[in-house]
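The following explanation leads through a single protein model. Please keep the sequence and the coordinates in view while reading.

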Amino acid sequence: MLFLSDLDGTLMDSNGEITIEDVEAIHQWTQKHGFGFVTGRDRAFCVALASKYQLSCECMITDNGANAYYKDENVYSSLIELSEGIQMCKAILEYKVDLFYTDEFGNRYYPIACYGKERLHIFEKKQPGLGQFSNMDLFDYLNMRDLGLAKLSMYVEKDMDLLLNEFKQRFSHCEVMATSKDYIEITRKGTNKWEAFCHLPISDAIFIGDGENDLCILKNLKNTYVMEHAPECLKSFGVSVKSVAEAMNIESRKENV
């Protein structure tokens, strides 16, 4: 059986760390079963995280469902058309939010020519978990790119609800969602974690999550868990637990009955 876990707020804490208990539970689980990540994060981040904790990941659903990987092979992509993405970036800059794009290798690009390097440095200090950004301007990079875009990311310090509603109306042809209390992300229309899951060569899985962008999977899989701090609207779609380790222990006990 494959066990899939969301990352931020589920497997990882606010510092990007995984507890010893969760790591040990995953190591024990993967002695007999498969394991994977389902996240808004990019693949490069997921690969580095798995390496750091020596986790065996059979599959990864990344970028809020824009990409799905099975045994290191990209089996599904749902990308924003490049020229459309560039126009969207120009429109987003009108709102003066911290816009950036993360490529397939984990490199991040910021609109340096528009905002200046000083603002980039301030942003990097506010969000150290993102790491260092490329010195290349976002639009210089996009104009050199051939492929479409997995997702556009924005850090929003204030007026989240106002901006979220504005972006949903302006970019109604795309998926626009708040992926945390201060991030808005845009993906291609119809892109979500469940759609990506359906393109994996597996028929069933166990899933644990904590955010509204996990609801699409929680609604469709039979065997699901929800972190106890998750919004109330998610609580009816899975067994409430405190950790991934707790969920895995419940599943292991089921096998031994």
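**A guided reading of the model**

Cys 114 counts as partly exposed, because its relative accessibility is 42%; buried means under 20% relative accessible area, exposed over 50%, and partly exposed in between (1.4 Å probe, protein chains only). The residue belongs to helix 4 (residues 112-115), where helices (H or I, at least four residues) and strands (E, at least two) are DSSP runs numbered from the N terminus. Between the C-alpha atoms of Cys 114 and Met 144 the distance is 18 Å, and the two are 30 residues apart in sequence.

The model is predicted: local features need pLDDT of at least 70, side-chain atom pairs count only at pLDDT 80 or more, and totals for chains, interfaces and linings use all residues. Residues are numbered from 1 along each chain as its sequence is written, and side-chain values use heavy atoms, with hydrogens and water left out.

Strand 1 (residues 2-5) and strand 2 run parallel and are joined by four bridges; two strands pair if DSSP finds at least two bridges between them. Within this pairing, Ser 5 stands opposite Phe 37 of strand 2. The chain passes from strand 2 through helix 2 (residues 43-52) to strand 3 in a right-handed β-α-β crossover. A crossover is right-handed if, with the strands pointing away from the viewer, the path from the first strand over the helix to the second runs clockwise. Strand 1, helix 1 (residues 20-29) and strand 2 likewise make a right-handed β-α-β unit.

Strand 2 (residues 34-38) is largely enclosed by the rest of the structure, because five of its five residues are buried. Gly 34, Gly 36 and Val 38 point one way from the strand, Phe 35 and Phe 37 point the other way, and all are buried.

In helix 1 the buried residues are Asp 22, Val 23, Ala 25, Ile 26 and Trp 29. Seen down the axis of helix 1, they fall within an arc of 165° and so line one face of the helix; the arc is that of the directions from the helix axis to the C-beta atoms. These buried residues pack against strand 1, strand 2, strand 11 (206-209) and helix 11 (244-256), contact meaning heavy atoms within 4.5 Å. The face of helix 1 turned away from the buried side carries the exposed residues Ile 20, Glu 21, Glu 24 and Gln 28.

In helix 2, Phe 45, Cys 46, Leu 49 and Ala 50 are buried. Their arc about the axis of helix 2 is within 130°, so they line one face of the helix. They pack against strand 2 and strand 3, whereas Ser 51 and Lys 52 are exposed on the other side of helix 2. Just after helix 2, Gln 54 takes a positive phi of about 55°.

Two further residues call for attention by their backbone angles. Most residues other than glycine have a negative phi. Asn 64, although not a glycine, has a positive phi of about 60°; its place is in the loop between strand 3 (59-62) and strand 4 (67-70). Asp 72, in the loop between strand 4 and strand 5 (73-77), has a positive phi near 70°. Asn 64 is buried, with a relative accessible area of 3%, whereas Asp 72 is exposed at 65%.

A further sheet is open and consists of five strands in the order 7-6-8-10-9, with antiparallel pairing. Strand 7 (108-109) and strand 9 (174-180) stand at the edges, each with a single partner strand, so one side of each has no neighbour in the sheet. Strand 6 (residues 98-102) and strand 7 pair over two bridges in the antiparallel sense, and Tyr 101 has Tyr 109 in strand 7 as its bridge partner.
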